[in-house]
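Thanks for coming. I will take a few minutes to walk through one structure, and you can follow along on the screen.

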Amino acid sequence: MIGACVSTNCGGYRSPVDLVENPLDGSSIAYRVFGEGSPGAPAVVLVHGTALTQAIWRGFGWVRELQATHKVITLDLRGHGRSDKPLDEDSYDQALFVSDVLAVMEAADVEKAHLIGYSLGGRVGFEIAYTHPGRLASLVTLGGSPRTGGQGIFDATFFPGVGDTFVARGMQAFVDRWAEHLGRPLDNSTAAALLANDPQALAAYMRKTEQDPGVPAHALSTLPMPLLMVAGTEDHLRVRSAARMQSLLPKTRVRLLDGATHGRTPRHPDALPAVKDWLASLSA
């Protein structure tokens, strides 16, 4: 199902989204395409993080800035936004996330792209780099790593007891509790994306992801594409992951954002300029 139009005002979207069917399991994946880009410039695929949607990339200004030079593609990974939200854990295997992204690239007639992934999107980007390296012109991760699994990973990312909160009390309670944990209200783009989630689907995704073994070290040391890892200095897990990645693959570039937490990384004022400079250097 390619090019099927969804409502012009759903889940924070102000214009139509298209749908494509994942060939591995038939799940419907929502995506959007912006601009045409400069001649010869690879497209940019933007992949959101856990419990968010593709709408964050417009809300934080990434689409507006990047479409001046690149065709830009955004999507909702399975379990998020306007894409299908299966309730079984096995539907959230990394191979299926990879197939979500590749199906969207096929529908958008993109053979090779720069992939920019935030958090979960970075993890999916590493999996694509490992299993389909020829599809990536480069990989940029924002608070991402080659492995996001491990017991308690989401408690560490959000707040203790996060899964129990939204399963028992719903997504509004999750938003309220996270804002309380942060000591400030969430921005409108993030709050709207979080509230669009199905709590049971999100719980299934989290249970599966906690078991994620990650990309093996021997594969990481041979990734052929240029790699930039961006992390906030207060996002200690991802700073350590970037340092480990540099030890495995010395050509990895790391950009640390002063004072940024994991949640603030894609909104930090230095994040987008750093990525734009990176893309420009690759074009040069």
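Let me start with a contact between side chains: Arg135 and Glu111 meet in a salt bridge, at 3.8 Å from N to O. Arg135 sits in the loop between α4 and β6 (136-142), while Glu111 belongs to the loop between α3 and β5, so the pair ties together parts that are 24 residues apart in sequence. Before I go on, please keep in mind that this is a predicted model.

Glu111 counts as exposed, at 54% relative accessibility.

The structure holds eleven salt bridges, and I will pick out some others. Arg207 forms one with Glu89, where the closest N and O atoms are 2.7 Å apart. Here Arg207 comes from helix α9 (residues 199-209) and Glu89 from the loop between β4 and α3, so this pair ties together parts that are 118 residues apart in sequence. Arg207 is partly exposed, at 39% relative accessibility. Glu89 is partly exposed as well, with a relative accessible area of 27%.

Next, Arg123 and Glu127 form a salt bridge, with the closest N and O atoms 2.9 Å apart. What separates these two along their helix? They are four residues apart in helix α4, which means about one helical turn lies between them. Both Arg123 and Glu127 are buried. There is also a network: Asp25, Arg78 and Asp100 are joined by salt bridges that share partners.

Now the sheet. Eight strands form an open sheet with mixed pairing, and the order is β1-β2-β4-β3-β5-β6-β7-β8. Which strands stand at the edges? They are β1 and β8 (253-257); each has a single partner strand, so one side of each is left without a neighbour in the sheet. From one strand to the next, the twist averages 25 degrees.

Inside the sheet, β2 (residues 28-37) and β4 (residues 70-75) pair in the antiparallel sense, over five bridges. To put residues on that, Arg32 has Thr74 in β4 as its bridge partner. Helix α11 (residues 236-248) packs on the sheet and touches β7 (227-232) and β8, and its direction makes about 155 degrees with that of β7.

Asp18 is partly exposed, at 25% relative accessibility. From Asp18 to Leu96 the separation is 78 residues in sequence and 19 Å in space, C-alpha to C-alpha.

Asp109 has a positive phi of about 60 degrees although it is not a glycine. Where is Asp109 placed? It is in the loop between α3 (94-107) and β5 (113-118). Asp109 is exposed, with a relative accessible area of 69%.

The second one is Ser119, whose phi is near 55 degrees, again a positive value in a residue other than glycine. Ser119 is placed in the loop between β5 and α4 (120-131). Is Ser119 buried or exposed? Its relative accessible area is 9%, under the 20% cut-off, so Ser119 counts as buried.

That is what I wanted to show. Questions are welcome.

Note on methods:
Residues numbered from 1 in each chain as written. Predicted model: local features only at pLDDT ≥ 70, side-chain atom pairs only at ≥ 80, totals over all residues. Heavy atoms only, no water. Buried < 20%, exposed > 50% of the residue type's maximum accessible area, 1.4 Å probe, protein only. Pairing = 2+ DSSP bridges. Axes fitted to C-alpha atoms, helices over the stretch in contact; angles between N-to-C directions. Contact = heavy atoms within 4.5 Å. Salt bridge = Lys/Arg side-chain N within 4 Å of Asp/Glu carboxyl O.
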